[in-house]
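Here are my notes on the model, as numbered points. Please read them with the structure open.

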Amino acid sequence: MSRASASVGPPVFRRGLLAPRYWPTWLGIGLLYLLAIGGHPLRRGVARLGAGLYRRLNPRRAGIIATNLRLCFPHQTEATRAQWQTTYLERHLLALLDLGRIRRARRGELTRQTEVEGQAILDRLRVEPGVILTVHSVGLEWAAAMLAETVEGSTIYKRFATNPVVDWWFGGMRTRHGTEALPRERGMGPHLRALRAGRSFFYIADEDLGAEHSVFAPFFGVEKATLPLAGKLARASRRPVYPVIGQLDEVSGHYRLRFLEPVELPAGTDREAATAINRVIEELVLDDPAQLMWSLKYFKTTPPGEADRYRG
């Protein structure tokens, strides 16, 4: 989401980031750049190896993935859900290894390398800004970076507070084409003003951010804490909502942006708006369930009286 003026994003590079305690982080970044030029077969091989190790070394997170898939797809066989988990982990790790490709890409390079389903919708987005509603998919970083090459706009930026080197690196990747990346503490005011001024807002709508500003609405039949924000922003700015998901083909290493037709979210109750948002997300996910980032705790906030869904 490009913009000509200065963006708000990562901390300015400072010498303190070169302190010895950050050398392992710099080594990791260097390996990402090496993998970027090492070719897809190498990256996929590392991802497949890493996926197997991940399940053994992080059983708690693997359990979260399994719980999410069981809650959302209770009628699928256990074998199908297990295959989705395996495929998701490989894709997720492969996407992480592709971060070096994103960070070093010149403007326009990602656009040329991306398959777009719904090109007419993307063309409309470029001339008629709106709320870009997306999810935490394995192709999220690629999708955001690709859109930033040609679509002006803003997004919410969550800082990596425990590691300023990672914060600087990711922030630079997300803002280098002019995207205005603002911390969540700034609220929605700047994004609403940007929408009204003719820029888009890249909004990730699937995360469970707690009960305070959320309402419970069904997500694959399970009550989920959902922010009814996208509809409010769209109505206040009189802008359309463009659903999109970034997807990764682990065999070829190619990324795809899949657009749905722009939607008009209901202006009724917050639950009605949240339900409509979750239905859009379901439609994005059902095309290929193993694209969603199932390692997140989508159901960590529970309705009153309901037990922790991830316990046990």
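Over the face of which residue does Lys224 lie, and at what distance from the ring centre?

1. Lys224 lies over the face of Phe219, at 6.0 Å from the ring centre. A charge sits over a ring if NZ of Lys or CZ of Arg is within 6 Å of the ring centre and within 35 degrees of the ring normal. Arg103 gives another case: its charged end is over the ring of Trp168, 5.6 Å from the centre.

2. On provenance: the model is predicted, so local features need pLDDT of at least 70 and side-chain atom pairs pLDDT 80 or more, while totals for chains, interfaces and linings use all residues. Numbering starts from 1 along each chain as its sequence is written, and side-chain values use heavy atoms, with hydrogens and water left out.

3. The count of aromatic pairs is 14. Rings of Phe, Tyr and Trp (its six-membered ring) pair if their centres lie within 6.5 Å; planes under 30 degrees apart are stacked, over 60 edge-to-face and the rest tilted. Phe219 and Phe220 form an edge-to-face pair, because their centres are 4.9 Å apart and their planes at 70°. Trp294 and Tyr298 are also edge-to-face, with centres 6.2 Å apart and planes at 75°.

4. Phe219 is buried at 1% relative accessibility (buried means under 20% relative accessible area, exposed over 50%, partly exposed in between, with a 1.4 Å probe and protein chains only). Phe220 is buried at 14%, Trp294 at 1% and Tyr298 at 1%.

5. Helix H3 covers residues 59–72; helices (H or I, at least four residues) and strands (E, at least two) are DSSP runs, numbered from the N terminus. Its 14 residues reach 20 Å from first C-alpha to last, close to the 20 Å expected (1.5 Å times one less than the number of residues). Among its buried residues are Ile64, Ile65, Asn68 and Leu71. The buried residues of H3 pack against helices H2 and H4 and strands E6 and E7 (contact means heavy atoms within 4.5 Å).

6. Strand E9 (residues 255–259) is largely enclosed by the rest of the structure, because four of its five residues are buried. E1 pairs with E9 in the parallel sense over four bridges (pairing needs at least two DSSP bridges), and Val116 stands opposite Leu257. E8 and E9 run antiparallel, joined by five bridges; Ile245 has Arg258 as its bridge partner. In the hairpin of E8 and E9, with six residues between the strands, Gly253 takes a positive phi near 80°.
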